[in-house]
Amino acid sequence: MLLHVPRVLDAAQVADFRKRLATAGWTDGRITAGFQSARAKNNLQLPESDPVARELSAAVRKALDRSPLFFAAALPRHVFTPLFNRYKEGSGFGDHVDNAIRYEQAGQPVRTDLSATLFLSAPEEYDGGELAIGTTCGTQRIKLPAGDLVLYSATTVHRVEAITRGERLASFFWIQSLVRDDGGRSLLFDLDVAIQKLNQDHAGHASAVKLVGVYHNLLRRWSEL
Ligand code: NI
């Protein structure tokens, strides 16, 4: 699964995030990296306990709650507390796979089925800094407008290309999905999108009820609570 979710934050929200992040207490990003990925990681991160991080984290969660596209694609069981990172000129994060299990501060384990990056810097503000994701069709390079999010399978090998000009701010987090299997989750998403289109183009079509039934019965079969 690789999906662009546009406008999770609007321009005013992005501006507000940026203003508050400018004065926050950034620290070495290796604090959340696993043993293997710490060697590849070179960036700044806000500690989860930082008051600015806490407030903005809650704001990201609220924004996600307002995004039907995010919900339909991720089918979230649990969204790990959104974190914030900052890549300055010369910094990047080499090839790695995200840890399979993360622990929330309360000790609760979260399985990372999906990874998400919410871009807070506009693409024209920096060179380099693409999120490069390995796929069977080669490397996909992602650089989105500020306020937009990319959702991708946490199983992928990925990296953040080194910044050659400017600075890249982002929020990043992981999602445990109700449907662990990426293929099954993608099928459900395709079916959901097709049903919505059918309802738009042919409101009241008799097949819609049956298709919605298929959707829910597959979700019932595949979901883990
Ligand atoms: Ni990663």
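## Salt bridges, a nickel site and strand pairing

R20 has a relative accessible area of 29% and is partly exposed (buried is under 20%, exposed over 50%, partly exposed in between; 1.4 Å probe, protein chains only). This is a predicted model, in which local features need pLDDT of at least 70 and side-chain atom pairs pLDDT 80 or more, while totals for chains, interfaces and linings use all residues. Residues are numbered from 1 along each chain as its sequence is written, and side-chain values use heavy atoms, without hydrogens and water.

**Salt bridges**

There are 14 salt bridges in the structure (a side-chain nitrogen of Lys or Arg within 4 Å of a carboxyl oxygen of Asp or Glu). The side chains of R20 and E55 form one of them, with N and O 1.9 Å apart. Helices (H or I, at least four residues) and strands (E, at least two) are DSSP runs numbered from the N terminus. E55 is partly exposed, at 45% relative accessibility.

Another salt bridge connects the side chains of R159 and D95, at 3.1 Å from N to O. R159 is in strand β15 and D95 in strand β7, 64 residues apart, and the pair again links distant parts of the chain. D95 is partly exposed, with 46% relative accessibility. Through shared partners, salt bridges join D95, R141, R159 and E161 into one network. In the salt bridge of R111 with D113, both residues are buried.

| Salt bridge | N to O distance |
|---|---|
| R20 and E55 | 1.9 Å |
| R159 and D95 | 3.1 Å |
| R111 and D113 | 2.8 Å |

**A buried arginine without a salt bridge**

R168 lies in strand β17 (residues 168-177). R168 is buried but has no salt bridge, and the nearest side chain of opposite charge, E130, is 7.8 Å away (Lys and Arg count as positive, Asp and Glu as negative; His and the chain ends are not counted). A polar atom of the R168 side chain lies 2.8 Å from the backbone oxygen of G129. Leaving aside neighbours within four places in sequence, the residues in contact with R168 (heavy atoms within 4.5 Å) include R86, Y87, F119, Y126, G129 and V160.

**Nickel site**

H96 (NE2), D98 (OD) and H158 (NE2) coordinate the nickel ion at 2.1 to 2.2 Å. Donors are N, O and S atoms within 2.8 Å of the metal (3.2 Å for Na, K and Ca); water is not among the atoms, so sites may look incomplete. The spacing of the donor residues in sequence is H-x1-D-x59-H. D98 sits in the loop between β7 (92-96) and β8 (101-103), whereas H158 is in strand β15 (residues 158-160), 60 residues apart from D98. Both D98 and H158 are buried.

**Sheets**

Strands β7 and β15 run antiparallel and are joined by 2 bridges; two strands pair if DSSP finds at least two bridges between them. F93 stands opposite V160 of β15. An open sheet of 5 strands, with antiparallel pairing, has the order β3-β7-β15-β12-β13. The edge strands β3 (41-42) and β13 (138-142) each have a single partner strand, so one side of each lacks a neighbour in the sheet.

Elsewhere, β1 pairs with strand β14 (residues 149-153) in the antiparallel sense over 4 bridges. Strand β1 (residues 2-5) has L3 and V5 on a covered face and L2 and H4 on an uncovered one. The bridge partner of L2 in β14 is Y152.

Definitions and conventions: Polar contact = N/O pair within 3.5 Å; in protein donor to acceptor, adjacent residues only side chain to side chain.
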